[in-house]
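The paragraphs below go through a structure by its elements and their surroundings. Please keep the sequence and the model in view while reading.

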Amino acid sequence: MGNVSKQQAEPELIAVPVLTILYQDDYLVAIDKPAGMLVHRSFLDRHETVFVMQTLRNQLGQHVFPVHRLDRPTSGVLLFALSSDVARLLTEQLTEQHWRKFYLAVCRGFVKQAGILDYPLKEQLDKIADKLADQDKDKQQAVTALWPLAQIELAIAIGKYPVARYSLVALQPLTGRKHQLRRHLSHLRHPIVGDTTHGEGKHNRLFAEHFNSHRLLLIAKRLELKHPVTGIDLVIEAPLGEVKQLFTEFGWPAEDSWYSIFFDQAELSGLAPL
């Protein structure tokens with residue numbers, strides 16, 4: 001019997017993005033995390049093959065150490081340490097709330113008042129990963145500062161309303177609870193567009209159908225911290241990126257410098273409780 005040649009199927013090539021580096025030195029690296037990309041491997045998402053940590057490690061040719069997190073659908077500034085010692089110092093800063101973080105979000109309805117929302121949140125536990133955790137923990141303090149930046153009324157009927165209204169808001173989380181910004185805006189009845197967990201499907205569909213927007217419209221725009229080694233003040237900002245076209249179409253500020261100036265001037269003093 002002659003030899004039978006067997007053709008092996010070529011492995012499927014997976015497109016790995018090149019991560020945009022926003023800041024890098026001998027101790028730290030900050031990247032612009034793409035929306036929809038997991039930060040690290042999780043047994044809850046076993047089918048995923050591309051992760052920020054692995055991609056960044058391969059891109060830099062060295063290990064990176066996570067310090068904080070962004071939800072999978074959120075884009076923007078994500079900081080890593082380049083050694084375990086620096087990671088420890090950054091974690092201490094974060095725990096002691098020495099960082100300032102600012103986000104941009106597009107949400108349903110007209111947000112007219114700036115203020116501070118102090119609304120405790122029950123810890124969100126995963127059915128699998130946290131099955132051994134205490135299921136009856138008390139609510140945790142959760143505080144968010146909010147500033148309305150722009151609004152738009154679209155001549156598109158939605159539900160029982162003849163028009164659809166949306167706002168652009170700046171957010172500063174003063175605590176770090178899971179999904180805090182998404183849950184706080186949902187509590188205020190201004191859910192973030194694209195939020196499939198705490199938002200509203202009809203508004204998510206409107207943006208997908210009319211504006212080809214299929215993502216959570218939440219961006220970690222700016223991170224302020226003191227360098228853990230040199231002591232210098234760092235301000236790291238992510239560009240608007242893929243939402244810039246949407247903002248331009250809405251007539252909203254579409255230059256990153258506009259937001260830099262706003263964050264420079266943002267103050268908590270004088271904000272009323274929401």
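Just after helix α3, Arg189 takes a positive phi of about 65°. The model is a predicted one, in which local features need pLDDT of at least 70 and side-chain atom pairs count only at pLDDT 80 or more, while totals for chains, interfaces and linings use all residues. Residues are numbered from 1 along each chain as its sequence is written, and side-chain values use heavy atoms, with hydrogens and water left out. Helices (H or I, at least four residues) and strands (E, at least two) are DSSP runs, numbered from the N terminus.

Helix α3 itself spans residues 180–187, and six of its eight residues are buried, so the helix is largely enclosed by the rest of the structure. Buried here means under 20% relative accessible area, exposed over 50%, and partly exposed in between, with a 1.4 Å probe and protein chains only. The buried residues of α3 are Gln180, Leu181, Arg182, Arg183, His184 and Leu185. Their cover includes β5, β6, β7, β8 and β9 (218–226).

These strands can be followed through their pairing; two strands pair if DSSP finds at least two bridges between them. β5 is mostly covered, with seven of its nine residues buried. With β9, β5 pairs in the antiparallel sense over six bridges, and Arg100 stands opposite Glu224 in β9. β5 also pairs antiparallel with β8, over six bridges; there the bridge partner of Cys107 is Ser167 in β8. β8 and β7 run antiparallel and are joined by 10 bridges, with Pro148 opposite Val169 in β8. β7 in turn pairs with β6 (residues 115–118) in the antiparallel sense over four bridges, where Asp118 stands opposite Val143 in β7. Nine of the 12 residues of β7 are buried, so this strand is largely enclosed by the rest of the structure.

The nonpolar cores come next. A nonpolar core is a set of buried Ala, Val, Leu, Ile, Met, Phe, Trp, Tyr and Cys residues joined through side-chain atoms within 4.5 Å. The largest has 35 residues, and those with the most contacts inside it are Tyr166, Phe207 and Phe247. At least two residues of this core come from each of β5 (100–108), β7 (143–154), β8 (164–173), α4 (201–211), α5 (244–250) and α6 (256–265). β7 supplies the largest share, seven residues. Apart from this core lies another, of 26 residues, among them Val50, Leu78, Ile192 and Leu218.

Phe207 is in contact (heavy atoms within 4.5 Å) with Val106, Tyr166, Val193, Asn212, Ser213, Leu217, Leu246 and Phe250, leaving aside its neighbours within four places in sequence.
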